[in-house]
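Student: I'd like to learn how to read a helix pair and a ligand site. Can you walk me through a case?

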Amino acid sequence: MENILSPSLLAADFTKVGQQLEQIEKGGAQYIHLDVMDGIFVPNISFGIPVIQSIRKNSNLVFDVHLMIVEPERYVEAFRNAGADIINFHVEATEDPDGTLDKIKSMGAKTGITIKPDTPVSRIVSYLEKVDMVLIMTVNPGFGGQPLIPYTLEKVRELKKIVDAKGLKTDIEVDGGVRFDNVEEVLGAGANIIVAGSAVFHGDIIENTQRFLSVLNP
Ligand code: DX5
Ligand code: ZN
């Protein structure tokens, strides 16, 4: 199975978003990771529906939306209509993960369930049969540019074992602090979708994208 790079727009220069999306595409990226923050679930506010709607018109990338918002079930339809292909939400942010997953599915998007560094894998095991993707946060959500928290990779290993034992094909995405010097370790732990923000957008974007992809799929 091909490994996937999902560059995080949070690290882009927002005066040049269109151009920078073209650059990651030129570098070979297929996904774009879109971090939505509400200032309540996480101590930061990023961007939301109008921004996603607007870039949707100019991009054929797969929109991998990471909702860091409380009660994500309230906004599934709006994000899907804005152009989300995959909708990831935090299990910690809702009292109704099952209902949220059903809503995402009924809107025709791919489902993803996400856990913060201190949330155990056991919290999401019962949803595995229902999700396309599990996103394991390797930093505390809210900000780009933080260092990866090493113990989170134990959780990736644990999840990979469970997924394999169940005979599932669930995607395992890792988000936060992934750089050229640790991406091989992250892949080795069992992740197959790699989010990278600052490591892609700071510097030569085309070159960084190509370099990541050559490590992801040698
Ligand atoms: C953090 C976000 C991440 C972040 C990744 O809350 O979910 O997607 O932007 O950025 P880097 O790769 O710089 O850690
Ligand atoms: Zn993210």
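Student: Is the crossing in which α1 passes α8 left-handed or right-handed?

Tutor: Keep in mind that this is a predicted model. For handedness, you ask which way the near helix is turned from the far one: clockwise counts as right-handed. Here, α1 goes past α8 in a right-handed crossing. The axes of α1 (residues 17-26) and α8 (residues 205-216) cross at roughly 35° and come within 8 Å.

Student: Okay, and which residues make the contact?

Tutor: From α1 you have Q20, Q23, I24 and K26, and α8 brings in I205, I206, T209 and Q210. Sort the residues of that contact and you get four polar, three nonpolar and one charged.

Student: What about ligand 1: how many residues surround it?

Tutor: There are 20 around ligand 1, with D35, G142, D175, G197 and S198 the closest.

Student: Which polar atom of D35 lies 2.7 Å from an oxygen atom of ligand 1, side-chain or backbone?

Tutor: For D35, a side-chain one. With G145, a polar backbone atom is 2.8 Å from a ligand 1 oxygen. G197 also places a backbone N or O atom 2.8 Å from an oxygen of ligand 1.

Student: And how much of ligand 1 does the protein cover?

Tutor: On its own, ligand 1 has 380 Å² of accessible area, and the protein covers 99% of that.

Key. Residues numbered from 1 in each chain as written. Chains lettered and ligands numbered in written order. Predicted model: local features only at pLDDT ≥ 70, side-chain atom pairs only at ≥ 80, totals over all residues. Heavy atoms only, no water. Axes fitted to C-alpha atoms, helices over the stretch in contact; angles between N-to-C directions. Helix = DSSP H or I, 4+ residues; strand = E, 2+ residues; numbered from the N terminus. Contact = heavy atoms within 4.5 Å. Nonpolar A, V, L, I, M, F, W, Y, C, P; charged D, E, K, R; others polar. Near = heavy atom within 4 Å. Polar contact = N/O pair within 3.5 Å; in protein donor to acceptor, adjacent residues only side chain to side chain. Areas by Shrake-Rupley, 256 points an atom, 1.4 Å probe, with all protein chains shown as cover.
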